Amino acid sequence: MPKTVGEINQRIRDGQAVVVTAEEMIDIVREKGAEKAADEVDVVTTGTFGPMCSSGAFINVGHSKPRIKFGGGRATLNGVEAYAGLAAVDLYVGATALPLDDPRNKVFPGEFAYGGGHVIQDLVSRKDVVLRAQAYGTDCYPRRELETVINLDDINEAVLVNPRNCYQNYNVAVNTSSKTIYTYMGVLKPDLGNANYCSAGQLSPLLNDPFLRTVGIGTRIFLGGGVGYVYWQGTQHNPNVERTKGGVPRAPAGTLAVAGDLKQMDPEFLVGTSFLGYGATLTVGLGIPIPVLDAEVAQYTAVSDCDIVTKIVDYATSYPQRTPENLGEVDYATLRSGLIEIGGKKVPTASLSSYAKARKIALTLKKWIQEGRFLLSEPVQPLPSVGSNVEFKPLRERSPGVSRR
Amino acid sequence: MNPGTVPDRWQGMNEPIRTKVALELPPYLLRKPVLCYLAKRCELVFNILSANVEDGRARFILELEGKHSDRESALTFLSDIGVRVQPVKETISMDKAKCTECGACIGICPANCFFRDAETWEIRFDDLSCIACGECARVCPPRAISPKFVLAATGRASGVSTIPPSGGRRRQDLGRRELPRKQGCPSAACERYDGAGAPW
């Protein structure tokens, strides 16, 4: 019998809700069938932990005496450039921002040992962070320079805001060229020397809700060790991709835009990371509880690694040149076995997303719900799904004055 | 050589053990083919895991293979000519608190030292096959791996041979061009080299 989110929340409050992880749900549905599983299980928890470059944090550091207005000037946090084009003492630090004097890739491959993601991790770890700012000075904001240390506990707001993360499926990256390449998918050895993938597969949130039936604007989630919310579809959200019979996208598809109070997050689940030759970023832990409303939702949450396929993409040519070809498809069970075959060659695989942490996130969320500390929320508005007019457009470059057609 | 395989001539003799040692050559040995003599005099097989010259000293990390007695004599020989020898306890150090359990190290390691625990999916590291190339440390996104060749505090680390206290003389006692002694070579391998070829 179909359930509502309200009914499930009442069961959570009563301490009677049956909560399982997406991994545990696979066997439950296999043994009992989707109908019976939907009757018995109230919530399925998911998790993912991977590098998410479109991450950042808005902070308000409080007003200095005399006052300063960062907007139109410049600000750095531990030397890393923060976006200051906001009101007086608001800043946005993006995960991929770098110190002004970082050599980048001038000595290739660059190390990118410290960037915006590391600043965010330091803030969450309650480490003091050096804020430096230059401003042009106004009558109301006369100060032109500021150098101080700040700490997460002392500043006003700190909100993690990620315009795109939690990708529904992702490419497998390989390198067919004859030299090593350094990518956001890790270091790829020449001549198909290795293959890197980046999804928690059967534990991944949006792969357990392929048509976004339960996840929408306002959905309460596990974010960075604390509680966060989905505030929009993520940038590059692309639901209209080719799908398997079970409805699972065969290529990168849906994405989420999420936000949450940084002050209640945990540095274990927000880790500044460095990709050799590519850049700095933030590795984010995210988990979504899926209310098992009916048998259809139960069936979706029972998706297993062998049901999920993705494309193998050459990051030496196809990806950088944005050409459409790929080197075939592979399922996550094979990827996780450690070896895949591409054109007759056995290629070792590795994941950039951590399955161990994804599992920990799903289990943590399960515990929160079982203890009644975390209630589910009904979306205020659904996200665009299959059939919507959302289109993932490339950039068509043109000169000023040239017609759009 | 395939790890684990032992040439016939070592069978039944002293237990052959593979060990990693760090050598530090003083400036006066910089131009000497010290490692060649390890092979020629002491019949040792070794793999050079790393070699560099810094502050006027040459440093090698070697993985030695051989029977126990040959290795003992080699270590005595090295000690005699003034090479500082220390067993290597660890080739890399992994900070599990920093590790995010991704798999960047698994894909890049040329010696396949990293693998996943089938139950927990956490990363495990096999020190034995490590060739100390440091690739894992370069690619580790949270920088949880340090390519440190952690030297044992004393020579008596487990599974690592030690320099005999009496057989070897301290470096300070050695003259700059004094010939190494043949003493202490249990296999008498160095009898075949009368020292004429040794240029120091």
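This is a predicted model: local features need pLDDT of at least 70, side-chain atom pairs count only at pLDDT 80 or more; totals for chains, interfaces and linings use all residues.
**Ground rules.** Local features need pLDDT of at least 70 and side-chain atom pairs count only at pLDDT 80 or more, while totals for chains, interfaces and linings use all residues. Residues are numbered from 1 along each chain as its sequence is written, and chains are lettered from A and ligands numbered from 1 in the order in which they are written.

**Chain A with chain B.** I looked up the contacts (C-beta atoms, placed from the backbone, within 7 Å) and found 23 residues of chain A touching 16 residues of chain B.

**Domains of chain A.** I find domain 1 at 5–52 + 160–382 and domain 2 at 56–159; the bounds come from an automatic or database domain assignment. Their C-alpha centres lie 31 Å apart. In contact are 22 residues of domain 1 and 26 residues of domain 2. On the domain 1 side, β19(A) gives the most, with six residues. I take strands as DSSP runs of E, at least two residues, and helices as runs of H or I, at least four, numbered from the N terminus.

**A sheet in chain A.** I traced an open, antiparallel sheet of four strands in the order β6-β5-β8-β9; strands pair if DSSP finds at least two bridges between them. The edge strands are β6 (80–82) and β9 (145–150), each pairing on one side only. I see six bridges joining β8 (residues 129–134) of chain A to β9(A). Within β9(A), Ile150(A) stands opposite Val129(A).

Notes:
Two residues are in contact if their C-beta atoms, placed from the backbone, lie within 7 Å.
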